Amino acid sequence: MNQHPTTDQITSLIQEGEFFKLKEALKLFEPSELVELIENEEEREQLIVFRLLPLRLATEVFEYLDLDIQRHFLANLSQDKISDILNEMSPDDRTALLEFLPDDFVKELIQTLSEPERRVTLELLGYPEYSVGRLMTPDYIAIRETWTVQQVLDYIRRHGGQSETLSVLYVTDHRGVLIDDIRIREFLLADPSLRVSELMDRRYVKLNAMQDQEAAIEVFRKNDRVALPVVNDEGVLFGIVTIDDILDIREEEDTEDIQKLGGSEALDEPYLATSIWSMVKKRAGWLVILLIGEMLTTSAMHHFEDDLQKAAVLGLFIPLIISAGGNAGSQATSLIIRAMSLGEFSLSDWWLVMRREIISGLLLGGILGVVGSLRIVLWATYIDPGYFGPYWQLIAVTVGFSLLGIVLWGALSGAMLPMLLKRLGLDPATASAPFVATLVDVTGLIIYFSVATMVLRGTLL
């Protein structure tokens with residue numbers, strides 16, 4: 001089969017039992033295409049396709065398969081096949097897989113690894129769960145400052161095939177302490193007789209093995225690197241972390257923040273892989289808290305029950321008032337949490353943030369106040385003059401100024417609450433949009449009726 005086969009042709013070969021032709025056809029696919037092909041097949045066909053792949057290609061495909069499919073393969077492939085694949089996998093990808101498997105299964109799988117690979121895996125698994133050490137791979141090129149450029153290039157030809165990346169080489173001393181990193185282009189353009197020391201400037205960026213993974217994301221973002229070295233407290237080079245692992249962590253962090261912003265605990269697995277009961281547990285807690293918060297809104301309305309009886313028309317605008325404040329708070333919360341996650345400002349900039357939200361809140365509140373008041377004026381003037389009663393001008397003023405105050409308060413609450421949580425060492429995403437909206441609902445009613453009392457005293461109230 002000379003042409004690139006289609007998915008339907010592959011399925012036909014499986015059904016017809018033409019496994020020799022199938023094996024040859026699979027060699028024409030790129031690894032990414034094979035991943036897509038396997039994930040779209042049924043479980044039986046997935047195993048058939050995977051068993052026919054050459055070891056190196058099978059390993060490359062396995063690293064990018066969905067976790068559930070990886071588990072399925074590990075449970076159904078022969079012990080020798082599993083051993084070969086795990087030994088060929090890069091240490092960081094292998095560790096990421098083992099973290100999600102039961103402990104007894106992990107122990108059994110680790111025993112199938114070769115001695116060097118077993119030592120590396122156990123070392124990686126010994127680091128805290130969310131530390132940089134869990135991401136690093138020991139597959140890198142380390143050189144000495146006394147070597148010539150030609151010696152470095154010869155060394156790369158002999159040992160570079162096992163390296164995760166060749167874009168950067170790491171200079172270490174006789175104790176393994178990192179003293180510099182140099183881009184490969186420097187060696188490619190340099191005179192072969194030059195010493196490594198002549199190319200060094202001893203300026204480099206590094207990560208600590210015990211450092212939090214979120215901090216590593218920020219370091220990568222600021223320095224625009226594809227890989228960074230990882231050292232211990234003594235500066236000894238232990239491994240490197242590559243950008244693909246950092247992007248995976250970034251995706252997980254963003255997903256967690258988005259789920260929390262929606263008023264739910266973060267899911268541990270993809271949506272469709274999460275059981276209904278687990279989904280309910282993740283969401284029920286926040287819904288109960290929000291319900292209790294909304295009960296305070298009922299209490300606030302009960303407090304102003306006399307005012308509502310005297311001026312029932314005020315009740316018409318309660319949904320309008322509280323939704324405007326909640327929307328303003330939700331907007332501010334989303335903007336601030338995202339800006340904090342990107343490192344656009346620090347907690348020491350709280351006054352700058354507050355000042356911006358005061359100005360924004362006043363402008364936004366003014367816009368909504370004008371729109372709300374204008375609606376009352378137009379209705380009372382052109383559509384139904386008696387609808388709001390004889391004091392419709394005062395009601396328009398009440399609604400306008402209430403919207404100004406509530407939107408301002410919502411913007412300030414939505415901006416300051418995530419920063420306060422961050423200062424207390426908590427996750428800012430806990431200040432979810434529904435939580436802020438509920439908080440503003442209660443206080444919004446107090447603002448609304450307080451303004452109404454001042455404006456309408458002696459008339460409706």
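Colleague: Which residue of S3 does Val168 stand opposite?

Modeller: Start with what the names stand for: strands are DSSP runs of E with at least two residues, helices are runs of H or I with at least four, and both are numbered from the N terminus. Two strands pair if DSSP finds at least two bridges between them. Here, Val168 stands opposite Arg183 in S3. Strand S2 (residues 168-172) and S3 pair in the antiparallel sense over five bridges. In their hairpin, five residues lie between the strands, and Gly176 has a positive phi near 85 degrees.

Colleague: Before we go on, what kind of model is this?

Modeller: This is a predicted model, in which local features need pLDDT of at least 70 and side-chain atom pairs count only at pLDDT 80 or more, while totals for chains, interfaces and linings use all residues. Residues are numbered from 1 along each chain as its sequence is written, and side-chain values use heavy atoms, with hydrogens and water left out.

Colleague: Okay, how many residues of strand S3 are buried?

Modeller: Buried means under 20% relative accessible area, exposed means over 50%, and partly exposed is in between, using a 1.4 Å probe and protein chains only. In strand S3 (residues 178-183), five of the six residues are buried, so the strand is largely enclosed by the rest of the structure.

Colleague: Which loop holds Asp224, and what is its phi?

Modeller: Asp224 sits in the loop between helix H13 (213-223) and S5. Its phi is near 50 degrees, a positive value in a residue other than glycine. Asp224 is also exposed, at 67% relative accessible area. Arg202 has a positive phi too, near 60 degrees, and is found in the loop between helix H12 (184-189) and S4.

Colleague: Is Arg134 buried or exposed?

Modeller: Arg134 is buried, with a relative accessible area of 14%. The loop it lies in runs between helix H10 (115-125) and strand S1 (142-143).

Colleague: How is the protein chain divided into domains?

Modeller: Domain bounds come from an automatic or database domain assignment. Here they give domain 1 (7-127), domain 2 (142-244) and domain 3 (276-456).

Colleague: Last one: how far apart are Thr298 and Val442 in sequence and in space?

Modeller: They are 144 residues apart in sequence, yet 8.4 Å apart in space, C-alpha to C-alpha. Thr298 is in helix H15 (residues 276-303) and counts as exposed, at 54% relative accessibility. Ile383, in helix H18 (residues 350-383), counts as exposed as well, at 55%.
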